[in-house]
Amino acid sequence: MFQKTIKKEITIKGIRQSDGYETFIKFTPIESGLWVIYENNIEPISSYLVNKDERRFTSSILVGNKIITMVEHVFSAVNGLGIDNLIIEFGSDEAPFFANSEYFSKILNENILEIKNQNKEYYKIYKEIEIKGVIFYYCMITPSDDFCID
């Protein structure tokens with residue numbers, strides 16, 4: 001299988017859940033890597049995942065020294081579609097609010113482009129990984145020959 005990006009730049013406007021102000025998110029095709037841009041800072045997507053206590057039921061990322069909240073649906077759509085190469089630019093410190101990742105998935109899926117000269121990379125888990133969250137929340141990743149979420 002080949003790596004994927006999108007055919008053209010896509011900007012989605014929406015509102016911030018916290019205050020109702022308008023914001024945007026821009027997806028830009030790129031040939032290599034997954035990147036996030038916010039206020040002239042650029043970071044690889046896999047760099048940092050943070051959870052702020054007051055919003056512990058959302059996912060946040062750290063770009064430069066700024067936290068961007070409400071990113072879980074954006075990254076679920078990108079990951080679910082198997083997009084390997086993309087720049088995601090946030091217009092504010094909060095992603096536009098939509099009910100779920102279906103909206104992002106639909107728009108991105110209409111613009112998928114395979115990069116024929118780049119094979120897809122896969123990761124294999126060799127040992128159990130546990131990520132502890134606030135109070136009783138955690139994620140445990142266990143090696144398996146099958147894909148299973150419990």
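This is a predicted model: local features need pLDDT of at least 70, side-chain atom pairs count only at pLDDT 80 or more; totals for chains, interfaces and linings use all residues.
Residues are numbered from 1 along each chain as its sequence is written. Local features require pLDDT of at least 70 and side-chain atom pairs pLDDT 80 or more, whereas totals for chains, interfaces and linings use all residues, and side-chain values use heavy atoms, without hydrogens or water.

The chain holds two helices and twelve strands. Both types of element are DSSP runs, numbered from the N terminus: helices are H or I with at least four residues, strands are E with at least two. Along the sequence the pattern is β-β-β-β-β-β-β-β-α-β-α-β-β-β. Of the 150 residues, 33% count as buried. Buried means under 20% relative accessible area, exposed means over 50%, and partly exposed lies in between (1.4 Å probe, protein chains only). Contacts are heavy atoms within 4.5 Å. Among contacts with a separation of 6 or more, 62% involve residues 24 or more positions apart.

Strand pairing was examined next. Two strands pair if DSSP finds at least two bridges between them. Strand β1 (residues 2-6) runs antiparallel to β10, and five bridges join the two. Within this pairing, Phe-2 has Asn-119 of β10 as its bridge partner. Four of the five residues of β1 are buried, so the strand is largely enclosed by the rest of the structure. Strands β2 and β3 are also antiparallel, with six bridges. Here Thr-11 stands opposite Lys-26 in β3. Six residues separate the strands of this hairpin, and Gly-20 adopts a positive phi near 80 degrees.

The largest nonpolar core contains 26 residues. Such a core is a set of buried Ala, Val, Leu, Ile, Met, Phe, Trp, Tyr and Cys residues joined through side-chain atoms within 4.5 Å. Phe-27, Ile-88, Phe-90 and Leu-108 touch the most other members. At least two residues come from each of β2, β3, β4 (34-38), β7 (60-63), α1, β9 and α2. The largest share, four residues, is from α1. Beyond its neighbours within four places in sequence, Phe-27 contacts residues including Ile-10, Ile-12, Val-74, Val-78, Ile-88, Phe-104 and Leu-108. In helix α2 (residues 102-109), the buried residues are Phe-104, Ser-105, Ile-107 and Leu-108. An α-helix has 3.6 residues a turn, so residues three or four places apart point the same way. The cover over the buried residues of α2 includes β1, β2 (10-15), β3 (22-29), α1 (72-80) and β10 (112-119).

Six salt bridges were found in the whole structure. The criterion is a side-chain nitrogen of Lys or Arg within 4 Å of a carboxyl oxygen of Asp or Glu. Glu-89 and Lys-26 form one of them, at 3.6 Å from N to O. Glu-89 lies in β9 (residues 86-90) and Lys-26 in β3, so the pair ties together parts 63 residues apart in sequence. Glu-89 is partly exposed, at 24% relative accessible area. Lys-120 bridges to Asp-84, with the closest N and O atoms 2.8 Å apart. This pair links distant parts of the chain, 36 residues apart: Lys-120 is in the loop between β10 and β11 (129-132), Asp-84 in the loop between α1 and β9. Lys-120 counts as buried at 14%, and Asp-84 is buried at 18%. Lys-116 and Glu-114 form a salt bridge with closest N and O atoms at 3.0 Å. Lys-116 is exposed, with a relative accessible area of 57%, while Glu-114 is partly exposed at 35%. Arg-16, Asp-19 and Asp-93 are linked in a network of salt bridges.

Lys-4, in β1, was examined separately. Lys-4 is buried yet has no salt bridge. The nearest side chain of opposite charge is Glu-114, 5.6 Å away. Lys and Arg are counted as positive, Asp and Glu as negative, with His and the chain ends left out. A polar atom of the Lys-4 side chain lies 3.4 Å from the backbone oxygen of Leu-81. Apart from neighbours within four places in sequence, Lys-4 is in contact with Leu-81, Gly-82, Ile-83, Asp-84, Asn-85, Ile-112, Leu-113 and Glu-114.

Methods. A polar contact is a pair of N or O atoms within 3.5 Å; within protein, one must be able to donate a hydrogen and the other to accept it, and residues adjacent in sequence count only if both atoms are side-chain atoms.
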